[in-house]
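Let's take a friendly walk through this model together. Please have the sequence and the 3D view open as you read.

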Amino acid sequence: MERALDGVKIADFTQMMQGPWATQKLGDMGADVIKIERLGGEWERDLEAGGELLDGVSPFFLAMNRNKRSVTLDLKSDEGRELALDIASDADVVVENFRPGVMEKFGIGYDDVTEVNPDVVYVSASGFGRDGPYAERPGQDLLLQSMSGLANYTGRKDDPPTPAGTAVVDEHAAMLIALHTMFALFHKERTGEGQRVEVNLLNAAIDFQCQEITAALNMDTEFERSEEGVAQAWLGGPYGIYETADGYVAIAMAPMAALAETLDLPALADYETAAETYEHRDEIKRTLEAYTREQESDELLATLLEADVWAAEVNDFADLAADPQVEHNEILVELDHPTDGTFETVGHPVEMSETPAETRSPPPLPGQHTGEVLAELGYDADERTRLADEGIVGGTVD
């Protein structure tokens, strides 16, 4: 089967989410992703979820590292550096997300790699960028949600700043890495020219709040969270999540007149303009929620959808997995666990008619493909064994 990135080789020096999720996207589309890890493997392999691992492996690692081959190296050693350069010299793309300067200390920075691979696409991902006053700060999702204003506009008015329930900044940065890697490969295909690509979490956090930041910087309105938990500090009622007799229902943008008629709540019809729904958003939510608390979720949702009011279920993950549209989309998949049985995870989210994504291999064990990759680079069995015996490489070398 033809895949969009067949023949593209990626040297992947990334860890945690920002980088690995991006390279998994590229691997799903056919790229040969060689994951270069420290001896023993990257540290997210041991990151527990709720204090536990999934059959000895972090579920977070499992979610972001399929379709990759693992090589473990001692990058602090001279020979480890040379091996990393050998892998990078044979790659179309190098991706890394160490703190600025770390790859240079290892001797595999942009200038080092372009000496042996002049037309490489070299992607660096960081917290704040290669330089600037915050370049040495730790870059992590919660910190960037806080710095970028996101946490300050989530929740009710009197709540403390509230972060999102998932690593939204890492996720957006990963998408930017994958997208701009493709831009650079397209340019390389046309011109033969590689380039340096730099992605950082701060810019990513600001980028996905483009509409809110534009409003805040150009309008006199002082935007703040609502008392009753309207779900967006910038929007009026009824936008939010409403308690029902047996759960919750989400209601997005909806004309007040339509809601008033559909639910027989004439008081809602008094708010006719967007300015009025914003000024009175708390009253709207209180009025509407007094009604929804008396309704069963399924019946309320059916009534709203039949009237073309934008509404949806409020699911937990068990509900999500059983949702008929989720099942129809086949977005949740079962993969082989690297050590024990199988596990469920999120598959590739986009369909392509001619070059579909494919799961070719489960997340690798640390160094599972060290010998395989070194053999492709010309290292014979005796040399691979010597490197393993001397602690330069780890994993399987035969």
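## Ground rules

This is a predicted model, in which local features need pLDDT of at least 70 and side-chain atom pairs count only at pLDDT 80 or more, while totals for chains, interfaces and linings use all residues. Residues are numbered from 1 along each chain as its sequence is written, and side-chain values use heavy atoms, with hydrogens and water left out.

## The chain as a whole

The chain has 17 helices and 12 strands; both are DSSP runs numbered from the N terminus, helices being H or I with at least four residues and strands E with at least two. Its C-alpha trace spans about 85 × 45 × 45 Å along the principal axes.

Of the 398 residues in the chain, 44% are buried. Buried here means under 20% relative accessible area, exposed means over 50%, and partly exposed is in between (1.4 Å probe, protein chains only). Taking contacts (heavy atoms within 4.5 Å) with a separation of 6 or more, 71% come from residues 24 or more positions apart.

## The seven-stranded sheet

Seven strands form an open sheet with mixed pairing, in the order E6-E5-E4-E1-E2-E3-E12. Two strands count as paired if DSSP finds at least two bridges between them. At the edges are strand E6 (195-200) and strand E12 (393-394), each pairing on one side only. E12 runs antiparallel to strand E3 (residues 68-73), joined to E3 by two bridges, and Leu73 stands opposite Val393 in E12.

Two helices to look for here are H3 and H7. Helix H3 (residues 78-89) packs on the sheet, where it touches strand E1 (9-13), strand E2 (32-38), E3, strand E4 (93-96) and E12, and its direction makes about 155° with that of E3. H7 packs on the sheet too, touching E4, E5 and E6, at about 165° to the direction of E6. These angles run from 0 to 180 degrees between N-to-C directions, with axes fitted to C-alpha atoms, for helices over the stretch in contact.

Now for E1: five of its five residues are buried. Lys9, Ala11 and Phe13 cover one side, and Ile10 and Asp12 the other. E1 pairs with E2 in the parallel sense over four bridges, and Ala11 stands opposite Ile34 in E2.

## The largest pocket

The largest pocket has a volume of about 1,600 Å³. Among the 48 residues that line this pocket, Met17, Phe60, Met64, Ala167 and Glu171 are the closest to its centre. A pocket is an open set of points on a 1 Å grid over the protein atoms alone where a 1.4 Å probe fits, with protein on both sides within 12 Å along at least five of seven lines; lining residues have an atom within 4 Å of a point. Grid points are joined across faces, edges and corners, and the volume is the space filled by probe spheres set on them.

Elements that each supply at least two lining residues include helix H1 (20-28), helix H2 (59-63) and helix H7 (168-191). The lining divides into 28 nonpolar, 12 polar and eight charged residues.

Thr23 lies in helix H1 and is buried, because its relative accessible area is 0%. Thr23 touches Ile10, Asp12, Thr14, Val33, Lys68 and Val95, leaving aside residues up to four places away in sequence.

Met147 lies in helix H6 (residues 141-147) and counts as partly exposed because its relative accessibility is 36%.

Terms used. Nonpolar A, V, L, I, M, F, W, Y, C, P; charged D, E, K, R; others polar.
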